[in-house]
Amino acid sequence: MHENRETSETPAARSSRTVGEGSGRTTRMYVAEESDSGKVPMSHSNKVEQSMAESEEGRPLIEENTQQFSTRPTQSGERVSQGLAGVRRAAREQKEMKFTALLHHVTVDLLRDSFGSLKRKAAPGVDGMTWQEYEAGLEDRIIDLHSRLHRGAYRALPSRRVYIEKGDGRKRPLGIAALEDKIVQHAVVTILNQIYEEDFLGFSYGFRPGRSQHQALDALSWALVRRKVNYVLDADIQGFFDNLDKAWMIKFVEHRVADRRVLRLIQKWLKAGVMEEGKWSDTETGTPQGSVISPLLANIYLHYVFDLWVDVWRRKHARGEVIVLRYADDIVLGFQWGTDADRFRKQLGERLRKFGLELHPEKTRRIEFGRYAEQNRKRRGEGKPRPSTSLASRISAGRMGTGLLLCGA
């Protein structure tokens, strides 16, 4: 398997800025406490032992090609322009930059490529427009969309509400965006990925270019076996997509994005509401799960609410080793000491409540881990652990190749 596991390194402070892209500002004002060292988990080569000493989860990544080419592949596989490559380079080199000029990167070519990246057989939104219907006369449609977008005449439509069955019998609400909203959202995601893929931490795996659930499980499995982990905290954020605070969402985006036109687009999508059985309703909180941009917005939100905060917590407040892995709103942490796990769970709940979120009381569990976990549980008369469908348990139904076992309370 191609290795893609998170490691840490300490990037040198940079003070230069690219003319025309934006101005420098602090981007961590909502982290509870700054790191003394400024160490940020990032991709790193595995050719030196120091990398392993600094690693927070799993093996180091195989060294990626860090040279800048004129184009880079995006999540859907197309290559980005030289202009977007410049945005990415500026984001990498100037971590406190606010980007003031981004919308001009939404070109006719990018919109056309974004349309081509959409699913051909996806259900239509409230506009009733299918991919095949839009393809007829595509060039004129894309040119018109580009014109409306840049002169401020583009209007976001509400999402069409549908429901899908969940494993527990409940129904999950999804929002299906109109076709042109999907196109514009995809184009904006392509642009913003150039910034946030340089900011997101290595233990964040969900809905990111070049990362997958299989890689997340592989990294988690390796870390649980190789690191000092005796307790696992399996954390689930209750109704995350429905409850994230829109005002905080915009504040978090504003840490890096100062282009008012891009911010207005995001606000339009957040305020568009949903249509269900012909009736429009506002969504005071949350973002419709299922839209093209919602996974990126979710990762931005949790980057500031959780990732930066936990990265400081584990290095400044933990007694022993702590590993972290997040896949969208599914979070798994491994602790050397049970006292750390219990203290962290309490403080995580307090942290989330500040931003309108809650831990799911039933799905969030502390799990005893290790080759003696099962015997210890039997000795305490606690019987068999409850079944779990969490990210942690999906490694391989709880059992590792070395005979280790996850035992949940």
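User: What volume does the largest cavity have?
Analyst: This is a predicted model, where local features need pLDDT of at least 70, side-chain atom pairs count only at pLDDT 80 or more, and totals for chains, interfaces and linings use all residues. Residues are numbered from 1 along each chain as its sequence is written, and side-chain values use heavy atoms, with hydrogens and water left out. A cavity here is a set of points on a 1 Å grid over the protein atoms alone where a 1.4 Å probe fits but cannot get out; points are joined across faces, edges and corners, and the volume is the space filled by probe spheres set on them. For the largest cavity that comes to about 100 Å³.

User: Which elements give two or more residues to the lining of the largest cavity?
Analyst: Its lining, meaning residues with an atom within 4 Å of a point, has 14 residues, and S159, Q185, W269, P288 and S291 lie nearest the centre. The elements in question, taken from DSSP runs (helices H or I, at least four residues; strands E, at least two), are α6 (179–196) and α10 (260–271).

User: How many charged residues are in the lining of the second largest cavity?
Analyst: That cavity has a volume of about 60 Å³, and L118, W131 and K182 are among its lining residues. Counting Ala, Val, Leu, Ile, Met, Phe, Trp, Tyr, Cys and Pro as nonpolar, Asp, Glu, Lys and Arg as charged, and the others, Gly among them, as polar, the lining has 7 nonpolar, 1 polar and, for charged, 2.

User: Is L102 buried or exposed?
Analyst: L102 sits in the loop between β4 (97–99) and α3 (108–117). L102 touches V87, I191, L192, I195, V257, D259 and V262, leaving out residues up to four places away in sequence; contact means heavy atoms within 4.5 Å. Its relative accessible area is 0%, and the cut-offs are under 20% for buried and over 50% for exposed, with partly exposed in between (1.4 Å probe, protein chains only). So L102 is buried.

Conventions. 1 Å grid on protein atoms, 1.4 Å probe; cavity = no way out; pocket = protein on both sides within 12 Å on 5 of 7 lines; lining within 4 Å.
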